[in-house]
Amino acid sequence: MTSEQRITYCRICEALCGVVATVENGRLMELRPDGDNPLSRGRVCPKGIAMADIQNDPDRVLTPLRRRSDGGFDEVSWDDALADIAQRLRVIVDRHGGGEVGHYLGNPAAFGYATSLWHGLFMKRLNSAHQYTAGSQDINSRFVASRLLYGAISQLPFPDLPRTDFLLVVGANPLVSHGSALRSPRIKEDLASVVERGGRVVIIDPRRTETARKYEHVAVYPDSDAWLLLSLLHVIFEEGLADHDALARQATGSAALRAAAAEFAPERTERLTGVEAHVVRELAHAFATAPSACAYGRTGACLGRHATLVCFLLDALSIVTGNLDRPGGTLFARGVVPLEEFGERAHALSYAEARSRVGSHPDVMGTFPAAIMAEEITTPGAGQLRALISTAGNPVLSVPNGQALAAALPSLDLVVAMDLYMNETNRHADYILPATTFLERSDMQWGFAAASPTVFMQSTEAVVPPYGQAREEWRVYDDIARLMGMSVLAQGPLARWNRVFVMLERLGLIRLSPRSVFELLLRLGPYGDRFGLRRGGLTPRRLRAHPHGVVLAEHAPTGILHEVVQHADRRVHLSPAAILNEVNTLGERHPADPAYPLRLIGLRELRSHNSWMHNSETLMKGARSRRHRARISPADATAAGLVDGGRVRIVSATGVIETEVLITDEVNAGTVAVPHGWGHDGGWQRANAAGGANVNDLTSNRNDQLERLAGMSVLNGVAVRVESIDR
Ligand SMILES: Nc1nc2c(c(=O)[nH]1)N[C@H]1C(S)=C(S)[C@@H](COP(=O)(O)OP(=O)(O)OC[C@H]3O[C@@H](n4cnc5c(=O)[nH]c(N)nc54)[C@H](O)[C@@H]3O)O[C@H]1N2
Ligand SMILES: Nc1nc2c(c(=O)[nH]1)N[C@H]1C(S)=C(S)[C@@H](COP(=O)(O)OP(=O)(O)OC[C@H]3O[C@@H](n4cnc5c(=O)[nH]c(N)nc54)[C@H](O)[C@@H]3O)O[C@H]1N2
Ligand code: SF4
Ligand SMILES: [Mo]
């Protein structure tokens, strides 16, 4: 027996921690932390190790499956599956055009290079008008804020953790999530070091989270951050704490922002936020006068009714206090693989250039809110969504009103999924195609990985060959395109040369792969060798020679704002009309309903990952703690007659769920915290047995309930009531 150690990195979240795989005869035996990875230095989280359970899971789908009319599935050959899929798509495209073929791309695709790139080429080639992603449940509000501020939608400003003196965290729990839109695999130490340097870490969160318990906690009412942030700006302007030099140098529109904030004295907003005025004043003062400071927000900031505004205001805090683009402040990256930069420069990353057929939501980089998928399927007329490909996603559990989507899926002409499992979404599909795990693919770091205080790059080979008949997703897009008589390379004006491309591909004369595209971009990028023009620059060969990864610079660059900003005047825009309008109409659109007096928020658990790791034996150990539980305050529990460990019915205007009660003073009266990604009934046996409920049965997919500027699903601050079901 041959046992080998293969160096790679975890691709479950943006920490991208180094791991070493023990492989015997093409099978994964074990994953362990890579002590030689320069960034993660031997650190991983429980999920990284437990990925071995997923890799070797007997419940994995390893052959293509085709649905029977009775709802069961038969194994079929790849050839038969792909031929049928291509033929059925061809019929739709010939009859209605490619615009009616839709796609949902899930979160796991974001951490690799191949799936996202090739799915994009495939859907662009079809000219699809129905592209959906997990982003509208995650981060699109952040992207739109960047578009408004910098004219650059792909920018993800991130905190300079290793150098900052003041870290303000709004709606993130990095000790559990390990940092999101921020690459910091040793985030525990990075946070601790802020305080060790004499700095402060302040956590704004309705729940006393794992992170809040270790640092300073400011408990805020759910979905009230916009008022809080406006009050912080109010104090900073009013008390003369704004950095006028920086504002004059970097920005326009500060006077209008100041005028907008003038209405929001902390004494006026404390009733709405639950944060006392003196706390706000102290916080504003400390933030503005710290030697350096940065404001960082994540899903708690991105998933409320005013999500884009909140993301915008977070950056505004850094800008107004002179903390943008300087050491210890809020930074921008130069992508090592500059895919987004090229897109920005070519003005190819759109916002609000198209509107969705249903609800008229603005496009965010060509995608529409996933919340509207159900209605796009059921609403007849030109442009109706008729076929859906879903890759690496589980929208029935992750998108608001999952039941509406599950009910709509069967009326599509064709549903195809590429996944590791039969999940709650693709059990409604016509075909489930066995996808590769990240351990079965080569990769290179890009995208979210750039949001890193240290400039770093790592590439990897696959560590095991695909199990069973699993196939790399990008090849499947490529194959379907070819069977449909299309080349994914014949894009835009090149489409009329489609036949030539198809022929050249068939003859093997052109063969583009994700790897060749990324290697090209790497070499052309800011750290690349420019094909010999820049000595010592990064090359694919040098990356292969450093399998643990290469540190390209100890610190992310500063003083690069002029490269980042794409507005014609090269300045940060602090008062775009869309934002002023949000400020002026704050709160008007959502009158309180006494039938639903509590506010529901989300929660992530250390040993869960969205909806897809509940089948891991390692992660599901611990009978009590590994159940789905709603966190309810002692006061609310008493009022509703709930007991710890008992059952609770949670009711919203959209739906009802039942789950277990955990009474805890982590949440204040009025707030209920429930994790998403539970309530399984797919082909994963342990996950199914774990019980629990889909919290997104409570969240709304109604058009008028989505956030306006980015079409975000509102998943935090949802109005609910709780009832006992034991009595
Ligand atoms: N263990 C684990 N790690 C993960 C994941 C996972 O499922 N499990 N998922 C990964 C993914 S896909 C992502 S996007 C990231 C997310 O990364 P984070 O956003 O850091 O993760 P959460 O733990 O959801 O933190 C959000 C916090 O916002 C708070 N919050 C809710 N509503 C509000 C509000 O209105 N205002 C404020 N100020 N706070 C609010 C919640 O109480 C919660 O503590 O995590 C990634 N990492
Ligand atoms: N209420 C509420 N809802 C939320 C959130 C919340 O905080 N509260 N968070 C939202 C966020 S931030 C996110 S990112 C979304 C996630 O939502 P989704 O991306 O829709 O779903 P996941 O649960 O991540 O499921 C991913 C699927 O991909 C499969 N998979 C894993 N690895 C691979 C792979 O390499 N290839 C392929 N082809 N498939 C793979 C898994 O088996 C699983 O079925 O959920 C969102 N939903
Ligand atoms: S924090 Fe955990 S899940 Fe994220 S990359 Fe590291 S090991 Fe993987
Ligand atoms: Mo996410």
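**Ligand sites and domains**

Mentor: In this predicted model, a polar backbone atom of Leu606 lies 3.4 Å from a nitrogen atom of ligand 1. Taken alone, ligand 1 exposes 910 Å², and the protein buries 97% of that.

Trainee: Which residue has a polar side-chain atom 2.7 Å from a nitrogen atom of ligand 1?

Mentor: The shell around ligand 1 holds 31 residues, and the closest include Ser177, Asp205 and Ser608. An oxygen atom of ligand 1 is 2.9 Å from a polar atom of Asn173, but that atom belongs to the backbone. The side-chain atom at 2.7 Å from a ligand nitrogen belongs to Asp225.

Trainee: Which domains each give at least three residues to the shell around ligand 1?

Mentor: By class, this shell has nine nonpolar, 13 polar and nine charged residues. Helix 5 (174-177) and helix 13 (299-302) each supply at least two of the shell residues. At least three residues come from each of domain 1 (141-335 + 570-584) and domain 2 (598-724).

Trainee: What area do domain 1 and domain 2 bury between them?

Mentor: The C-alpha centres of the two domains are 27 Å apart. Their contact takes 26 residues from domain 1 and 22 residues from domain 2. Carbon and sulfur atoms account for 59% of the buried area, which is about 1900 Å².

Trainee: What percentage of the accessible area of ligand 2 does the protein cover?

Mentor: A polar side-chain atom of Asp419 lies 2.6 Å from an oxygen atom of ligand 2. A nitrogen atom of ligand 2 is 2.9 Å from an N or O atom in the side chain of Asn696. On its own, ligand 2 has 910 Å² of accessible area, and the protein covers 97%.

Trainee: How many charged residues does the shell around ligand 3 have?

Mentor: Ligand 3 is surrounded by residues including Cys10, Cys13, Cys17 and Cys45, with Lys47 and His178 also among them. By class, eight residues of this shell are nonpolar and two are polar, and the number of charged residues is one.

Conventions: Residues are numbered from 1 along each chain as its sequence is written. Chains are lettered from A and ligands numbered from 1 in the order in which they are written. This is a predicted model: local features need pLDDT of at least 70, side-chain atom pairs count only at pLDDT 80 or more; totals for chains, interfaces and linings use all residues. Side-chain values use heavy atoms; hydrogens and water are left out. A residue is near a molecule or strand if one of its heavy atoms lies within 4 Å of it. Ala, Val, Leu, Ile, Met, Phe, Trp, Tyr, Cys and Pro count as nonpolar, Asp, Glu, Lys and Arg as charged, and the others, Gly among them, as polar. A polar contact is a pair of N or O atoms within 3.5 Å; within protein, one must be able to donate a hydrogen and the other to accept it, and residues adjacent in sequence count only if both atoms are side-chain atoms. Accessible areas come from the Shrake-Rupley method with a 1.4 Å probe; for residues, only the protein chains shown count as cover. Helices (H or I, at least four residues) and strands (E, at least two) are DSSP runs, numbered from the N terminus. Domain bounds come from an automatic or database domain assignment. Contact means heavy atoms within 4.5 Å. Buried area is the accessible area (1.4 Å probe) that two parts lose on being put together, summed over both.
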